[in-house]
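Here's a quick briefing to read alongside the model. Have the sequence and the structure open as you go.

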Amino acid sequence: MKHWNSKKIGKNTLLMAIVLAAAVFVCLQLSKLNDDNNPFAVSIFILAVAVIARFTEGYVFGIVSAAIGVICVNYMFTKPFFEFNFSITGYPLTFTMMILVSIIISTLTTQIKNQEKLKYEAEKEKMRSNLLRSVSHDLRTPLTSILGASSVMMENENMAPDERSDLIKEINKDAKWLIRITENILSVTRSSGNMTLKKDDELIEEIISTSIIKFRKNYGDFPINVKMPDDLMLISADATLIEQVLLNLFENAVIHGKTADKIDLIITREPGKVVFAVEDNGAGIPHDELKKVFDAYFTRGETSSGNGRRSMGIGLSVCQSIIRAHGGDIFAYNNSQGGAGIYFWLPMKEDADE
C-alpha cells in the first residue's frame, strides 16, 4: 500500500507540475504581446487549477496548485515583474477565488469517483448473486439425474446388461457435466473470491488459445474457426475470467445450437476497444428471447420437454457481469448464417484502467 501511495503521489505531482508549467509558458507568450500587466494570467491559472483539481485525487493538489498559481501571477505577471507585491488591489479576492475553484472541482471529482466505485461494487455484487443462482440449478440437475439412475440400478439387481450400460453412461455423462460446472465455479472464485478483478496486461492470442484448449477437453475436435488481425493486441484484464467467458460461449454454441457443426470466433479492433464475436451455424435464438438471454433466471424454451440441462455454464448473466466489470459490454444476436451470435467488447490496453 505504501508503494501504491508513493506511485499515486508521484503521478499526481507530475501532472500538477506539467499543467502549471504549461500555464506559465502560455502566460509568458501572451506577455510578449502586452508589456503591461498580463490580463490573461489569472484566467489561465484558474483554468490550470481546474484541470489539476479534476484529474488528481483528493483536495491537496488542487489547493497547492491554486497557491502556486497565485504566487506565479503575483511574481511573474504583475508589475513590478519578478517581484512580490502583496498590496495589489484584488489580490486576496484572486487567491480566494482560485482556492474555491479548486475545492469545488475537487469535491465534484471525488463525488464522481465515489459514484463510479459504487457502480463497480454493485456490478460485483450482481456477479456474486448471479453465480449463486446459477450454481444452485447447475448442481441440482445432474445430481438428481445421478441419484435417479443409481437408485434404479440398486433396486434392480437383475437389470439387463444393455439397460445397466445405458444408465452407467448417463451417470458418467452427468459426472462429467458436474466436473465442468465445478471448473466454472472454481475459475470464478479463484480469480475473484473477494470479487476483485486481478487485471494484468494480457495477449488476446494467449487468452483465446487457452480457452480453446479447455474446450477441446470436453468437446474434442469440434471446429472453431478463429479470425483476427495479424498484429498483437494487449488488453488489461483478468485472463482467467475472460477465458471462462469464451469457454462458456463455445459450450453454449454446442449445447444450444442444436444443428450447429462449427463455431466462428471473430476478433476485430475498433477505436479504443477490441470486439469478440462467437457465432454458430445452428438454430439461432428466437427473436423474442434475444433481450432475455442475459437474465439471471432465463431458460431456453426449447428444453421444456424435460431436458434439465437448461443452464448455460456459469450463465450468460454472469458472463455479462464479468465483461461489464472489465468496462465492456455483451450482446446477443442472430448472424447471417441463421445461427446464434454473442459478441462482447473490452477496452484496449491504452483505454483500460491501470
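Helix α2 (residues 41-55) and helix α3 (residues 60-76) have axes that come within 9 Å and cross at roughly 165°. Axes here are lines fitted to C-alpha atoms over the stretch in contact, with angles running from 0 to 180 degrees between N-to-C directions. That makes α2 roughly antiparallel to α3 (over 145 degrees counts as such). This is a predicted model, where local features need pLDDT of at least 70, side-chain atom pairs count only at pLDDT 80 or more, and totals for chains, interfaces and linings use all residues. Residues are numbered from 1 along each chain as its sequence is written, and side-chain values use heavy atoms, with hydrogens and water left out.

**The α2/α3 contact**
- From α2, the contact (heavy atoms within 4.5 Å) uses Ala41, Val42, Phe45, Val49, Ile52 and Ala53.
- From α3 come Phe61, Gly62, Ser65, Ala66, Gly69, Cys72 and Val73.
- Ten of the residues in this contact are nonpolar, three are polar and none is charged (Gly counts as polar and Cys as nonpolar).

- Strands β6 (residues 329-334) and β7 (residues 340-347) pair in the antiparallel sense over six bridges; pairing takes at least two DSSP bridges.
- Ile330 has Phe344 in β7 as its bridge partner.
- Five residues sit between the two strands of the hairpin, and Gly338 in the turn has a positive phi of about 95°.

**The whole chain**
- There are eight helices and seven strands, taken as DSSP runs (H or I, at least four residues; E, at least two).
- Of the 354 residues, 42% count as buried (under 20% relative accessible area, 1.4 Å probe, protein chains only).

Key. Parallel < 35°, antiparallel > 145°, perpendicular 65-115°, else oblique. Buried < 20%, exposed > 50% of the residue type's maximum accessible area, 1.4 Å probe, protein only.
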